[in-house]
Each structure stands twice: as C-alpha cells, then as structure tokens.
Amino acid sequence: MTANEFDHLADLHPDGSARFWATPRNHDKIMARLKQGDVVLFTGRNHVRAIGEVGCSFKNSAAGNAMWPPQETHGPYLNVYSLISFQPVEIPYTDLRKLTDTPASKGGDNYMGARLYDNDRAERILDGLLIDTATELQASDGSVDTDTDTWQLGEVVAGETHNADSASRVVHAGAFVADRAESRLVVSYKQFLLDCGDQRRQQRLKSKVGFSDIYLLPRETGGVTEIVEAKSSASHDKVREALAQLLDYVIHANCKVDALTALFPERPSHRDIRWLGNYGIGCVFPSAEIGFMTVPPSDSRVAFMKQLWQPTNDRSGARHRTSG
C-alpha cells in the first residue's frame, strides 16, 4: 500500500483492523465514484445479507492480491474499500425490489454483480431501509455549541413513498443496527396518511442527534408541521425512548413544529398514553377498523408545551436556551 492509503486507513480504523471488499477492473468506472460514507448492500441467497458503510477506497492491485486470488476473467481485485460500519441483516429481495424497481422494469432482479445507485433511487433505498450513516451524522451541523450556549438547526432530507418493510437504525460510533419492525410500521403509516388524503410532504429531519422517522411538512401555509418517531414495541422502555427522541428532535427543527407524535405497533398502556400527553405528544397505533388510531394530547397541553419544545419563535438561525 502507499503511505497515503495506509495513513487514511489508520485514521478511519484506529484499532488496526477493518473489513474489506473489492472488485476487479471491469468495475473501474463504478468504483471510481465510490466515496466515504456511501452505503453498500451485500446480497446473496435472495436476501440482503449485510449493510455496510464505505470507509477508505483506493485502487491497488497489490493490496487486492494480498487478500484475494485474482478473478479468472477480469484479473486482480484491485478496487478495494474498507467498511467503517457493518451490520448483518436478512432483508428479502422482494422488499428491496419495491425500492429499486422502476415503473418500466419487470422485477425479478437478483442483484448480481456490482452496481451503483444514486440520486432518487438511492434516496428511496436509504429512506426505505431507514439507514443513517455515521459519516452523515458526523458531518451534520445540528450540534449543541456549548461555548455559545446555542443550538444549531438541523436540515430536511427527502423521504420517499414506498412499500418496503425493511430496516431501521440506531447509530453510534460508526455503526447502525437493523430493526425491520420499526421500518414496517413507518411504511404502513406513511401509506395510511396518503390514503387518507394527507398532502403534507413526507420527509425526515436530520440533525446531529439523529434522523427523525417522519417529518411532515405542509405544502401550503397554515398546515400542521409534525415530527413522528416510531418504535418497534409499545413497552414502557420504548415509550421513554420515543419521548426523549421527540423532545430532542423538536429543538433541532428548522421551522416551527405544531405536533409531536409517537408511533407504536400496538396500543401503549393508558398510563403511558397519559404520560406522553402530559408532554404534548400524541400517540398513534394500528387499528383493525380504521387502519391507524390517534390519541391526541389536549390542545391546552400542546399550547403550554410548545414553549418548552422550542424556546423562541425565531426559526431562522441559532436558538438560545432559556434560563430560570
């Protein structure tokens, strides 16, 4: 390896070990576009078997030959990259096809060989699998500045309409963890909103503290802006997580938020529903009769809690915390 390649690897993998993957020369054009933070789906046996995040990427036949015997037709595996995140999963191709197939495609893709998706299709995949990369979070400006005692606002990332029930995420120190139940719930609820005629844009709020599952933004003035956080169960522990995340996300929102909602796969206990309501947070869960049932907090409680969600009404720049 060259000195620059080794130094880059050492910076990204300070413990001295890393997972690697590579392709031969017939994929030179694709691999030349690969960059740190890109997401890799490892496929086989009719499933996505693992999700990875690209670290150091370089072209070096000697490094490839040190790890793998050359490919019979195309020679050495010279396009090498390391992985700064790696998570085994079991996502069937039927789920992935819902995100990657175009209206003109016939379906049935077996995802053989290396390919690169970008732009809208990449957004559909990342949003459908609810993948948040460590690189993206570290690059976010939505952090708390302890020196100036201000919050920096987050930004909005697009969310796509799809029907996959795939993976969600918990990001920490360069890793994400798959949770299909949470993603399935998010997908179902987004489709329910569309079926009910909800015209708000379905996006995600990105900040240093993480990505919201759903960020509903009105297309016209006067609509309701809402942050929704989903959980894979309605246990008290998950209710606590939803409460903490929603209160953390709302302070980083880039505009005035009108509603906070926790989404669960079943009805939480009456105590937990009341507890969420005390903080001005609504509760949504599936209903066999109507699709999803909403238990909203009282209007008076929401009005009171809005002063604590977002301490000032100025959403154009950094927001100062209140004291007292």
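What follows is a short chat about a predicted model.

Me: Let's start with helix 8. How many residues does helix 8 have, and how far does it reach?
Reply: Helix 8 runs over residues 236–251, so to speak end to end: 16 residues. From first C-alpha to last, the reach is 23 Å. That is close to the 22 Å expected at 1.5 Å a residue.

Me: Which residues in helix 8 are buried?
Reply: Val-239, Ala-242, Leu-243, Leu-246, Tyr-249, Val-250 and Ile-251.

Me: Now the largest nonpolar core. Which of its residues touch the most other members?
Reply: The core has 24 residues, and the ones touching the most other members are Ile-227, Leu-260, Ala-262, Phe-264, Leu-276 and Ile-281.

Me: Which elements supply at least two residues of this core?
Reply: Strand 10, helix 8, strand 12, helix 9, strand 13 and helix 10. Helix 8 gives the most, with six residues.

Me: Pick out Leu-260. What does Leu-260 touch?
Reply: Leaving aside residues up to four places away in sequence, Leu-260 touches Ile-227, Leu-246, Leu-247, Val-250, Gly-280, Ile-281, Gly-282 and Trp-309.

Me: And the second core, how many residues are in that?
Reply: The second core is separate and has 13 residues, including Leu-193, Leu-216, Ala-230 and Leu-263.

Me: New topic: rings. How many aromatic pairs are there?
Reply: The count comes to eight.

Me: Take Trp-68 and Tyr-77. Why is the pair tilted?
Reply: Their planes sit at 55 degrees.

Me: What about Phe-192 and Phe-292, how far apart are the ring centres?
Reply: 5.3 Å, with the planes at 55 degrees, so this pair is tilted. The pair links distant parts of the chain: Phe-192 is in helix 7 and Phe-292 in strand 14, 100 residues apart.

Me: Is Phe-292 buried or exposed?
Reply: Buried, because its relative accessible area is 9% and the cut-off is under 20%.

Me: Which residues do ring pairs link into a cluster?
Reply: Trp-21, Phe-42 and Phe-86.

Me: Last one, the largest pocket. How much space lies in it?
Reply: About 1200 Å³. Of the 43 residues lining it, the closest to its centre are Val-39, Val-40, Leu-41, Arg-115 and Leu-116.

Me: Which element gives the largest share of the lining?
Reply: Helix 5, with six residues.

Methods
Residues are numbered from 1 along each chain as its sequence is written. This is a predicted model: local features need pLDDT of at least 70, side-chain atom pairs count only at pLDDT 80 or more; totals for chains, interfaces and linings use all residues. Side-chain values use heavy atoms; hydrogens and water are left out. Helices (H or I, at least four residues) and strands (E, at least two) are DSSP runs, numbered from the N terminus. The expected span of a helix is 1.5 Å times one less than its number of residues. Buried means under 20% relative accessible area, exposed over 50%, partly exposed in between (1.4 Å probe, protein chains only). A nonpolar core is a set of buried Ala, Val, Leu, Ile, Met, Phe, Trp, Tyr and Cys residues joined through side-chain atoms within 4.5 Å. Contact means heavy atoms within 4.5 Å. Rings of Phe, Tyr and Trp (its six-membered ring) pair if their centres lie within 6.5 Å; planes under 30 degrees apart count as stacked, over 60 as edge-to-face and the rest as tilted. On a 1 Å grid over the protein atoms alone, a cavity is a set of points where a 1.4 Å probe fits but cannot get out, and a pocket is an open set with protein on both sides within 12 Å along at least five of seven lines; lining residues have an atom within 4 Å of a point. Grid points are joined across faces, edges and corners, and a volume is the space filled by probe spheres set on the points.
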